[in-house]
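Here is a structure to read together, feature by feature. Have the viewer open.

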Amino acid sequence: MFVRLLHAAVLTLAAGPALAQLHISPNLKSGEQVYRQTCVACHESGVAHAPKFKDAQAWAPLIQEGQAVLTGHAWVGVRAMPAQRRHPKLSLVEFARAVAYMANQAGGDWKDPDVPMMRRIIGEAEKRIDHSIAESRKMKQHLQQLSRGKATR
Ligand code: HEC
């Protein structure tokens, strides 16, 4: 838990100054390539209720969330959807392309993210991380109160 928070904090700091020179490298994988190499493992068959590939019904509410929110949240990790730091070789841009590819295969009409979209995605991911940091702080405060005898449950 602590390591996750630490990661999150480092990431938040790193995103700040990097934003000014955010650019998209030409050597990155396409959304389809990333899907076939990584996402297919769970999304093809719907492991642990992962929204299935080409399942328009499953994807409709996700597409409704909008590209920036869905991509930012998925990257941080949603329930059984693993956080993407577990694939350190996959860049956020490549991840975002894969999300767009999957959304488009299920009825969406999203573009490969450009720089302004990447900024919005980073913003949404940061907001999500800030939220979980705040939640974790509350849990920690509760534990501290418990150990000092200030809370009984
Ligand atoms: C280890 C299995 C696994 C892999 C690999 C995986 N996912 Fe998922 N993904 C899931 C599961 C499970 C969910 C459903 C989470 C839930 O709603 O509880 C999910 C949900 C999602 C969602 C919807 C998130 C939301 O807000 O509900 C997106 C978008 C997504 N995955 C994108 C990707 C992309 C892109 C890749 C490849 C880079 C990928 N996933 C790889 C298991 C996986």
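Q: How do the residues of the shell around the ligand divide into nonpolar, polar and charged?

A: Keep in mind that this is a predicted model. The shell around the ligand divides into 18 nonpolar residues, four polar and one charged.

Q: How many residues surround the ligand, and which are the closest?

A: The ligand is surrounded by 23 residues. Cys39, Cys42, Ala50, Arg79 and Met81 are the closest. Helix 2 supplies the largest share, six residues.

Q: What describes two packed helices?

A: Two numbers do it: the angle between the axes and the distance between the axes. Take helix 2 and helix 5. Their axes are 9 Å apart, at an angle of about 75°. An angle of 65 to 115 degrees counts as roughly perpendicular. Helix 2 and helix 5 are therefore roughly perpendicular to each other.

Q: Which residues of helix 2 and helix 5 meet?

A: From helix 2 come Gly31, Glu32, Val34, Tyr35, Cys39 and His43. From helix 5 come Glu94, Phe95, Arg97, Ala98, Ala100, Tyr101 and Met102. The residues of this contact divide into eight nonpolar, two polar and three charged.

Q: Why is helix 4 described as largely enclosed by the rest of the structure?

A: Count the neighbours of each residue. A residue is buried if 20 or more other C-beta atoms lie within 10 Å of its own. Eight of the 10 residues of helix 4 are buried, so helix 4 is largely enclosed by the rest of the structure. The buried ones are Gln67, Ala68, Leu70, Thr71, Gly72, Ala74, Trp75 and Val76. What covers them includes helix 3 (56-65), helix 5 and helix 6.

Q: What span should helix 6 have, at 1.5 Å a residue?

A: Compare an expected length with the distance between the ends. Helix 6 covers residues 115-147, which is 33 residues. At 1.5 Å a residue, helix 6 should span 48 Å. Its end C-alpha atoms are 48 Å apart, which agrees.

Q: Which residues of helix 6 are buried?

A: Ile121, Ile122, Glu124, Ala125 and Ile129 are buried in helix 6. Look at Ile121. It has 25 other C-beta atoms within 10 Å, so Ile121 is buried.

Q: What does Ile121 touch, not counting residues up to four places away in sequence?

A: Ile121 touches Ala68, Thr71, Gly72, Ala96 and Pro113. Also check Trp75. Ile121 and Trp75 are 46 residues apart along the chain, yet their C-alpha atoms are separated by 9.2 Å.

Q: Where do Ala48 and Lys54 lie?

A: Ala48 sits in the loop between helix 2 and helix 3. Lys54 lies in the loop between helix 2 and helix 3 as well.

Q: Is Ala48 buried or exposed, and is Lys54 buried or exposed?

A: Ala48 counts as exposed, with 9 C-beta neighbours inside 10 Å. Lys54 is exposed, with 12 other C-beta atoms within 10 Å.

Q: Which glycine follows helix 4, and which residue just after helix 6 takes a positive phi?

A: Gly77 follows helix 4, with a positive phi near 115°. Just after helix 6, Gly149 has a positive phi of about 75°.

Notes:
Residues numbered from 1 in each chain as written. Predicted model: local features only at pLDDT ≥ 70, side-chain atom pairs only at ≥ 80, totals over all residues. Near = placed C-beta within 6 Å. Helix = DSSP H or I, 4+ residues; strand = E, 2+ residues; numbered from the N terminus. Nonpolar A, V, L, I, M, F, W, Y, C, P; charged D, E, K, R; others polar. Axes fitted to C-alpha atoms, helices over the stretch in contact; angles between N-to-C directions. Parallel < 35°, antiparallel > 145°, perpendicular 65-115°, else oblique. Contact = placed C-beta atoms within 7 Å. Expected span 1.5 Å × (residues − 1).
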